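This briefing covers the fold, the nonpolar cores, the salt bridges and the backbone geometry of one protein. Please consult the sequence and the structure below while reading.

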Amino acid sequence: MAADDSSEFQIGAHVEVTSPVHSMRGSLFPAKIVAASADRAKFTVEYDRFKTKLYRKVTGKKSLRDEFHVALLRPPQPREEGYAFKRNDAVDAFMAGGWWEGVITEELGGARFEVFFRFVKQRVEFEADELRLHREWVRGAWVPPLREEERDVSNTKDEKTQMKEEIGEGTEVEVSNDEDGFQGSWFAASVVQVVGKDRFLIQYKSLKTDDGKEFLTEEIDAQHVRPCPPETVMVDCYNMNEEVDAYWNDGWWEGKICKVLLGGRYKVYFEGTDDKMVFDHSDLRPRQVWIDRTWVMASQALMQ
């Protein structure tokens with residue numbers, strides 16, 4: 001996310017730029033500020049290294065320079081040396097001249113990892129030195145916070161043990177699904193069994209088997225499981241562009257208010273499926289995100 005105060009961006013400062021191109025969402029490109037508008041709402045940047053033929057093909061631009069609103073800029077993320085990457089880590093991978101958001105799906109050995117990019121639904125192999133932990137820049141701070149000390153393999157094992165203690169048999173959870181048509185959805189479930197190091201056997205509370213006789217049970221990776229968010233009551237009206245979850249088709253779907261209607265109704269846009277639907281106030285909840293084992297209100301965290 002972008003910084004809140006454009007005053008920290010000076011001519012000559014190095015930054016990372018979020019691409020506004022829809023097909024390149026989830027990417028950040030290193031650049032340097034070379035000019036600013038009079039009100040400092042927009043900055044002209046020059047890319048540290050040209051973004052290869054991919055950027056030219058997608059945007060149709062040939063210049064090394066572009067002008068962006070300050071909301072699309074952030075400081076460069078510091079590198080953390082010595083971190084032991086593991087499966088299910090949310091990471092940025094350096095590819096095609098920029099950093100692309102993904103998640104580690106396999107540890108291949110020899111400091112190589114398979115990374116899944118959900119926006120383009122592709123898996124690519126990377127060396128450890130081509131990865132960094134994924135962090136957002138929110139109100140002048142990194143989320144999750146930068147670590148004061150680097151973690152090693154033993155620390156990683158402690159975290160997995162801690163996760164087992166937090167989510168065990170009988171724990172009420174929510175489960176996500178990245179399949180086509182289900183992106184951005186969360187379904188209520190309970191843990192039936194902890195399987196291996198980072199997998200759970202869960203039973204859904206609303207989804208049933210094809211014959212409709214029993215609730216569906218399946219084995220899920222830990223990256224798709226989170227605790228149930230604390231209940232929140234939204235007394236006031238939702239605002240335009242506010243991040244929400246909408247209850248539809250037996251689950252909660254991540255969306256954004258794109259139009260406020262009369263009678264306590266709202267039109268919600270779902271980026272995951274590129275759909276728009278109308279909901280009553282009672283069918284919505286403020287969206288919360290599970291970051292570093294802490295619940296954060298998405299609308300507040302992303303507010304500029």
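Is Arg132 buried or exposed in terms of relative accessibility? Arg132 counts as buried, at 4% relative accessibility, where buried means under 20% relative accessible area, exposed over 50% and partly exposed in between (1.4 Å probe, protein chains only). The model is predicted, so local features need pLDDT of at least 70 and side-chain atom pairs count only at pLDDT 80 or more, while totals for chains, interfaces and linings use all residues. Residues are numbered from 1 along each chain as its sequence is written, and side-chain values use heavy atoms, with hydrogens and water left out.

**Overall architecture**

- The protein contains 3 helices and 24 strands; these are DSSP runs numbered from the N terminus (helices H or I, at least four residues; strands E, at least two).
- Of the 304 residues in the protein, 37% are buried.
- The accessible surface comes to about 16500 Å², with 49% belonging to carbon and sulfur atoms; the areas come from the Shrake-Rupley method with a 1.4 Å probe, and for residues only the protein chains shown count as cover.
- Among contacts (heavy atoms within 4.5 Å) between residues at least 6 apart in sequence, 49% join residues at least 24 apart.

**Nonpolar cores**

- A nonpolar core is a set of buried Ala, Val, Leu, Ile, Met, Phe, Trp, Tyr and Cys residues joined through side-chain atoms within 4.5 Å.
- The largest nonpolar core has 24 residues, and Val15, Val45, Leu73, Phe85 and Leu131 have the most contacts inside it.
- At least two residues of this core come from each of β1 (14-18), β2 (27-36), β3 (42-47), β6 (90-95), β7 (98-109), β8 (112-117) and β10 (131-133).
- Another core, of 22 residues, lies apart from it and includes Ile167, Phe200, Ile257 and Val268.
- Beyond its neighbours within four places in sequence, Val45 is in contact with several residues, among them Val15, Val17, Ile33, Leu64, Phe68 and Leu73.

**Salt bridges**

- The count of salt bridges comes to 19, each being a side-chain nitrogen of Lys or Arg within 4 Å of a carboxyl oxygen of Asp or Glu.
- Arg132 and Asp92 meet in a salt bridge at 3.0 Å, N to O; the pair links strand β10 with strand β6, 40 residues apart.
- Asp92 is also buried, at 2% relative accessibility.
- Glu16, Arg74, Asp92 and Arg132 are linked in a network of salt bridges.
- Glu174 and Arg285 form a salt bridge at 3.2 Å, N to O; because Glu174 lies in β13 (172-177) and Arg285 in β22 (284-286), the pair ties together parts 111 residues apart in sequence.
- Both Glu174 and Arg285 are buried.
- Asp221 pairs with Arg87, the closest N and O atoms being 3.5 Å apart; Asp221 is buried at 16% relative accessibility, whereas Arg87 is partly exposed at 22%.

**Backbone geometry**

- Most residues other than glycine have a negative phi, and most peptide bonds are trans.
- The peptide bond from Val143 to Pro144 is cis, with omega near -5°; Pro144 lies in the loop between β12 (141-143) and α2 (153-166).
- Asn249, in the loop between β18 (243-248) and β19 (251-260), has a positive phi near 55° and is partly exposed at 46% relative accessible area.
- Asp274, in the loop between β20 (265-270) and β21 (275-280), has a positive phi near 60° and counts as exposed at 55% relative accessibility.
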